[in-house]
Amino acid sequence: MKKTYELLAPCHFGLEAVLKKEILELGYEIAQVEDGRVTFIGDDDGICRANVFLRTAERVLIKVGSFPAATFEELFQGTKAIPWEDYIPRDGRFWVAKASSIKSKLFSPSDIQSIMKKAMVERLKQSYGLTWFEETGSRYPLRVFLYKDVVTVGIDTSGDSLHKRGYRTLTSKAPITETLAAALIMLTPWSRDRILVDPFCGSGTFPIEAAMMAANIAPGMERAFLSEGWENLIPKRYWQEVREEAADLVERDIKTDIQGYDIDGEIVRAARANAERAGVGHLIHFQQRPVKELSHPKKYGFLIANPPYGERLEEKEDLPGIYRELGERFAALDSWSAYLITAYPDAEKCMGRKADKNRKIYNGMMKTYFYQFLGPKPPRKREGAGI
């Protein structure tokens, strides 16, 4: 019989609604949406499906407890009250991998980690009648969030962050993560029958994520997950069944118009290699091309890009020219829409028009804006046209 869990899925701040939509489309019930994470209800099979299919989650955690703690004694007792024996076997390796604290009296990550580990050991000593834990088995790392003196505890099922799809070995100077790129594409009305061009493609993340969506390739299909070793919680056949489900959904024989340009030829070669590893090399046209040569003969396309921000002082003087060139080339693209994520404060001014919408998004610790310059919608196809 399948077990049901509360599952936590952290995501980039500002993109919770995108992840919520993804989880609902997978068929799971949303329990709570908070800044930077979504909680949903899923079974042990759902742990596998969430890890393999979610494009915008950073990882998937099993929520094992939540309790108030304003002192270290309350933290110890609250941690000890969690039934750890239901999750961690006798030989399991367990530790608090990460602790974060916001607006809470307890704020030292190392102290929180140490006290919680002691409390877990005390609980498991009583449960298993052991005085020493060899910890030679599977790994069960914890992630702990303290917010306004309330502790939320989750066991990480993913291991490496879910943005690590496995296809990107070489990156550009300022790469965008795969999960963030996927979420930003989902914020646009782009679909696989529409044109998509990234004029600053770097290692190819935007075009590759778009092509994987177009071909219905699950982002976690080719990688391993930490919880695959948790046979006490998740039968191995569930992982096999979910990977078979993902493989059945792939559509490789499709046609797309997805293009990626970059001024650096070596980076373009790396992007091609990344796309081949992702299984979408045949769906993307990469080319060495500066932004001033950006053009396309068709209408109603999409520019989606992560242009330079000027993180390095020596690059700042080049930014106005880069964004002006981009604005000029975009203006020449008839009926197109453009979507840019950038921390450059003069982006709109240099583009030559105000964005129709913008959205504040944290790219790691950096505050960025997702500027949306909207073009007209294409005319609706008449029924029976072309028949």
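**Cores, a helix pair and salt bridges**

Setting aside neighbours within four places in sequence, Val 280 touches Ile 208, Ala 211, Met 212, Ile 217 and Ala 275 (contact means heavy atoms within 4.5 Å). The model is predicted, so to speak of local features takes pLDDT of at least 70 and side-chain atom pairs count only at pLDDT 80 or more, while totals for chains, interfaces and linings use all residues. Residues are numbered from 1 along each chain as its sequence is written, and side-chain values use heavy atoms, with hydrogens and water left out.

Val 280 also belongs to the largest nonpolar core, which has 100 residues; along with Trp 84 and Val 153, Val 280 has the most contacts inside that core. A nonpolar core here is a set of buried Ala, Val, Leu, Ile, Met, Phe, Trp, Tyr and Cys residues joined through side-chain atoms within 4.5 Å, where buried means under 20% relative accessible area, exposed over 50% and partly exposed in between (1.4 Å probe, protein chains only). Helix α4 (residues 109-128) gives the most to this core, with eight residues; helices (H or I, at least four residues) and strands (E, at least two) are DSSP runs, numbered from the N terminus.

As for salt bridges, a search of the whole structure turns up 17, each a side-chain nitrogen of Lys or Arg within 4 Å of a carboxyl oxygen of Asp or Glu. Asp 156 pairs with Arg 59, with the closest N and O atoms 2.7 Å apart. Asp 156 sits in strand β7 (residues 150-156) and Arg 59 in the loop between α2 and β4 (61-68), so this pair ties together parts 97 residues apart in sequence. Both Asp 156 and Arg 59 are buried. Glu 25 and Lys 21, by contrast, are both exposed.
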